[in-house]
Amino acid sequence: MTDRYAVLGHPIGHSKSPLIHSLFAQATAQDMGYTAIETPLDGFADTVTGFRAGGGRGLNVSLPFKLQAFEIATHPSERARLAGAANCLKFEGERILADNFDGVGLVNDLQRNLGCLLKDKRVLLLGAGGATRGALLPIASEQPALLAVANRTADKAHALGRDFAAHAMLQTSGYAELAGHAFDVVINATSTGLTHEPLPLPAGLFAPGALAYDMVYGKGLTAFLQQAQAAGVTRVADGVGMLVEQAAEAFLWWRGVRPDTRPVVDRLTVPLV
Ligand code: ATR
């Protein structure tokens, strides 16, 4: 019987996950179906229960349900626990396993697709919300020289630093305190990729040869990437590779097969103009 998977979100209509997973399934000859389910804001748990009752094997979870996905899990992974959020569920009998592949997807994209090794690099994450929480542990495990988190509300960055203290040494601050510091990799994990608001980035933030990365996908040159270019950065990327790489990790977790991501990244890439 065809195994069923789906992505839950609100809104979910524009999700690329059904396309990505059907391309993976074709390429690896897996007998599986994957759909997008528009989930009512107050109906996450019921939708999960209904999907499981119908024989569903696993779910991806998109905004705004990643916290609830973690809470519903009976067996969350360590990185999901630290992020306080999950983007992937797997159903095994009575057990609901949860993991968070956003961070490892980001790291795989940076290192494998973009050729940017994080070891000994100075890495800066902008924002202190769920996107940053998901990314911190996988980045820290690559042993960067420095891992910094800056947020508009500095206290939120400091709180994050305390939460992760046992796992990673973070330099946390507001934006103004970044003055005088340069970074090799600057990642926008704020929601400004969607709203097109510029960030208060001080001059000199980007080291020579730096990579500027915006986690959003398909928005062209975001305000942040434009700011980076105006500061002389020539290596800019959006989150298309992160999207495909986190999907590949989910696929591997569910099916035991690692799909080739390159053709799917190429197919989904929207030029940055
Ligand atoms: P997500 O789960 O996508 O990370 P979130 O938890 O709502 O979403 O976090 C959004 C992040 O974008 C926060 O770090 C937020 O900064 P604050 O904590 O100070 O609110 C950041 N953000 C949103 N709009 C911003 C703006 N105009 N300038 C700077 N940071 C912004």
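The questions and answers below concern this predicted model.

Me: In which order do the six strands of the open sheet lie?

Reply: The sheet is open, and the pairing of its six strands is mixed. Strand 2 and strand 4 are the edge strands, since each pairs on one side only. Read across the sheet, the order is 2-1-3-5-6-4.

Me: How many bridges join strand 5 to strand 6, and which residue of strand 6 is the bridge partner of K90?

Reply: Strand 5 and strand 6 run antiparallel, and five bridges join them. They form a hairpin with two residues between the strands, where G93 takes a positive phi near 60 degrees. Strand 6 is mostly covered, with four of its five residues buried. The bridge partner of K90 in strand 6 is L97.

Me: At what angle does helix 10 run to strand 5?

Reply: Two helices can be described by the strands they lie across. Helix 1 lies across strand 1, strand 2 and strand 3, and runs at about 175 degrees to strand 2. Helix 10 lies across strand 1, strand 2, strand 3, strand 5 and strand 6. Its angle to strand 5 is about 5 degrees.

Me: Which residue is joined to P64 by a cis peptide bond?

Reply: Most peptide bonds are trans. In this model, a cis peptide bond joins H10 and P11, with omega about 0 degrees, and P11 lies in the loop between strand 1 and helix 1. P64 lies in the loop between strand 3 and helix 3, and the residue joined to P64 by a cis peptide bond is L63.

Me: Is A29 buried or exposed?

Reply: A29 lies in the loop between helix 1 and strand 2, and has a positive phi of about 55 degrees although it is not a glycine. A residue counts as exposed when its relative accessibility is over 50%. The relative accessibility of A29 is 68%, so A29 is exposed.

Me: What is the phi of Q143?

Reply: Most residues other than glycine have a negative phi. Q143 lies in the loop between helix 6 and strand 8. It is not a glycine, yet its phi is positive, at about 60 degrees.

Me: How many of the 11 residues of helix 6 are buried?

Reply: The buried residues of helix 6 include T132, G134, A135 and L136. They pack against helix 4, helix 5, strand 7, strand 8, helix 7 and strand 10. Helix 6 is mostly covered, and the number of its buried residues is eight.

Me: Which residues are in contact with A140, leaving aside its neighbours within four places in sequence?

Reply: A140 lies in helix 6 and is one of its buried residues. A140 and F206 are 66 residues apart in sequence and 20 Å apart in space, C-alpha to C-alpha. Leaving aside neighbours within four places in sequence, the residues in contact with A140 are L147 and A168.

Me: Is T261 buried or exposed?

Reply: T261 lies in the loop between helix 10 and helix 11. Among the residues that T261 touches, not counting those up to four places away in sequence, are F24, N113 and V244. A residue counts as buried when its relative accessibility is under 20%. The relative accessibility of T261 is 11%, so T261 is buried.

Me: How far does a polar side-chain atom of T153 lie from an oxygen atom of the ligand?

Reply: The ligand is surrounded by 15 residues, and T153 is among the closest. A polar side-chain atom of R152 lies 2.8 Å from an oxygen atom of the ligand, and a polar backbone atom of A131 is 3.1 Å from a ligand oxygen atom. For a polar side-chain atom of T153, the distance to an oxygen atom of the ligand is 2.5 Å.

Me: What percentage of the area that the ligand exposes when taken alone does the protein bury?

Reply: Taken alone, the ligand exposes 640 Å². The protein covers part of this area, and the percentage buried is 74%.

Conventions
Residues numbered from 1 in each chain as written. Predicted model: local features only at pLDDT ≥ 70, side-chain atom pairs only at ≥ 80, totals over all residues. Heavy atoms only, no water. Buried < 20%, exposed > 50% of the residue type's maximum accessible area, 1.4 Å probe, protein only. Pairing = 2+ DSSP bridges. Contact = heavy atoms within 4.5 Å. Axes fitted to C-alpha atoms, helices over the stretch in contact; angles between N-to-C directions. Near = heavy atom within 4 Å. Polar contact = N/O pair within 3.5 Å; in protein donor to acceptor, adjacent residues only side chain to side chain. Areas by Shrake-Rupley, 256 points an atom, 1.4 Å probe, with all protein chains shown as cover.
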